[in-house]
Amino acid sequence: MDEIMVSGCMLAYNHERYIRKALDSVLNQKTNFKFEILIHDDASPDNTANIIREYEKKYPDIVKPIYQKENQFSKGVKVNAIYQYPRVKGKYIALCECDDYWTDEFKLQKQVDFLEKHPDIVSVAHRYKIINENDEIIGISHEGIELNKYFNKDDALKYRSGTFHPNSILYRSFVVRD
């Protein structure tokens, strides 16, 4: 259990209103494996970086931040590719945008268990709720897509633009290494 199984990658910019809920939803995951949170603050002018520092201090073995002095995204930098993916230690990568959060405390465990049993599958995703600023459900994703469907390369290309929200996906880290 010493090895990190999942690297959670989080991108933050002006998320002070939401970031605690996002970080807590990852930290509250119930797993039988270790995971890390790689968080990149892209020079947020609000209180986002200070909130991340609080979590870094409280969870130094899990929360591993980068704090930018200049916004990288606005310069056209692919932040995950340049700053996040080279730091990944996990066999799997999970994304959680800092204005979103996970509602199932077993999300990572369920997804890892599935991929461990199916070595021929590269990634797994799930449905998610779409909520407004008042935490009211205003929609459910994938209502027109068959549940428990296996997607091949053609399906992935057909559905690639926005079908699977990053927060719902877990994938093998070799995808970004290779």
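**A loop residue and its surroundings**

Student: Where does Ser44 lie?
Tutor: Ser44 is in the loop that runs between β2 and α2. Helices (H or I, at least four residues) and strands (E, at least two) are DSSP runs, numbered from the N terminus. Please note that this is a predicted model, in which local features need pLDDT of at least 70 and side-chain atom pairs count only at pLDDT 80 or more, while totals for chains, interfaces and linings use all residues. Residues are numbered from 1 along each chain as its sequence is written, and side-chain values use heavy atoms, with hydrogens and water left out.

Student: Is Ser44 buried or exposed?
Tutor: Ser44 has a relative accessible area of 11% and is therefore buried. Buried means under 20% relative accessible area, exposed over 50%, and partly exposed in between (1.4 Å probe, protein chains only).

Student: What does Ser44 touch?
Tutor: Leaving out residues up to four places away in sequence, Ser44 touches Ala12, Tyr13 and Asn14. Contact here means heavy atoms within 4.5 Å. The side chain of Ser44 also makes a polar contact of 2.6 Å with that of Asp41. A polar contact is a pair of N or O atoms within 3.5 Å; within protein, one must be able to donate a hydrogen and the other to accept it, and residues adjacent in sequence count only if both atoms are side-chain atoms.

Student: And where is the place of Asn14?
Tutor: Asn14 belongs to the loop between β1 and α1, and is partly exposed at 35% relative accessible area. Its phi is near 55°, a positive value in a residue other than glycine. Ala43, in the loop between β2 and α2, likewise has a positive phi, near 60°.

Student: Let us turn to the whole chain. How many helices and strands are there?
Tutor: The chain has six helices and eight strands. From the N terminus on, their order is β-α-β-α-β-α-β-α-β-β-β-α-β-α. Of the 178 residues, 40% are buried.

Student: Which residues have the most contacts inside the largest nonpolar core?
Tutor: They are Val6, Met10, Ile19, Ile37, Ile39, Leu108 and Leu170, in a core of 28 residues. At least two residues of this core come from each of β1 (4–12), α1 (19–27), β2 (34–41), α2 (48–58), β4 (92–95) and α4 (107–117). The element that gives the most is α1, with five residues. A second, separate core has eight residues, including Leu38, Ile93, Leu95 and Ile169. A nonpolar core is a set of buried Ala, Val, Leu, Ile, Met, Phe, Trp, Tyr and Cys residues joined through side-chain atoms within 4.5 Å.

Student: Which elements do the buried residues of α1 pack against?
Tutor: They pack against β1, β2, α2 and β3 (63–67). The buried residues of α1 are Ile19, Ala22, Leu23, Ser25, Val26 and Leu27. In α4, Lys107, Leu108, Gln109, Gln111, Val112 and Leu115 are buried, and their cover includes β1, β2, β4, β5 (123–124) and β8 (170–172).

Student: What about Glu105? Where is it found?
Tutor: Glu105 is in the loop between β4 and α4. Setting aside neighbours within four places in sequence, Glu105 is in contact with Asn28, Gln29 and Lys30. Glu105 and Gln29 are 76 residues apart along the chain, with their C-alpha atoms separated by 4.6 Å.

Student: A new topic: how many aromatic pairs are there?
Tutor: The count is one aromatic pair. Tyr55 and Tyr59 are stacked, at 6.4 Å centre to centre and 25° between the planes. Rings of Phe, Tyr and Trp (its six-membered ring) pair if their centres lie within 6.5 Å; planes under 30 degrees apart count as stacked, over 60 as edge-to-face and the rest as tilted. Tyr55 is buried at 8% relative accessible area, whereas Tyr59 is partly exposed at 26%.

Student: Lastly, how many disulfides does a search of the whole structure find?
Tutor: The search finds zero disulfides, a disulfide being a pair of cysteine sulfur atoms within 2.5 Å. Cys9 is buried at 3% relative accessibility, and Cys96 is buried with a relative accessible area of 2%.
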